[in-house]
Amino acid sequence: MSQQYASGGQLPEEADAVLTDGDDASSHSDSSSRLEQFGLGVSLSILLGAVLGVAAAASLNAGALPLFVALGLGFIFSPVIGLLFLQRFESKQE
């Protein structure tokens, strides 16, 4: 409907068929769930780095350096952990 107003006229019949195609909805929900799993792995990696950094900073009494190192490692390894979570999710579905 917004495309009709933006174009200033009627849309062809094919446009409605493309917008209401059922296959697109299933692929969208699949990619959405895959993205959620990847994001969960990334978030947990960063959170784990922060928690370990706080624990190391408290126990080593070395200032904030252990916190920054552990948090940095969490950020560096976050894409790998995200991919591992995604692979685990896909293997459960099969």
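L84 is a residue of helix 4, which covers residues 65–93; helices are DSSP runs of H or I with at least four residues, numbered from the N terminus. This is a predicted model, in which local features need pLDDT of at least 70, side-chain atom pairs count only at pLDDT 80 or more, and totals for chains, interfaces and linings use all residues. Residues are numbered from 1 along each chain as its sequence is written, and side-chain values use heavy atoms, leaving out hydrogens and water.

**The whole protein**
- The protein has four helices and zero strands, giving the pattern α-α-α-α along the sequence.
- Of its 94 residues, 15% are buried (buried means under 20% relative accessible area, exposed over 50%, partly exposed in between, with a 1.4 Å probe and protein chains only).

**Along helix 4**
- The 29 residues of helix 4 should span 42 Å at 1.5 Å a residue, and its end C-alpha atoms are 41 Å apart, which agrees; the expected span is 1.5 Å times one less than the number of residues.
- A kink of about 50° lies at S78, shortly before the proline P79 (the bend is the angle between axes fitted to the seven residues ending there and the seven starting there).

**Buried or partly exposed?**
- P66, A70, G74, S78, G82, L86 and F89 are buried in helix 4.
- An α-helix has 3.6 residues a turn, so residues three or four places apart point the same way.
- L84 counts as partly exposed because its relative accessibility is 46%.

- G39 belongs to helix 3 (residues 22–60) and is partly exposed, at 26%.
- The C-alpha atoms of G39 and P79 are separated by 9.0 Å, although these residues are 40 residues apart along the chain.

Technical notes: Helices (H or I, at least four residues) and strands (E, at least two) are DSSP runs, numbered from the N terminus.
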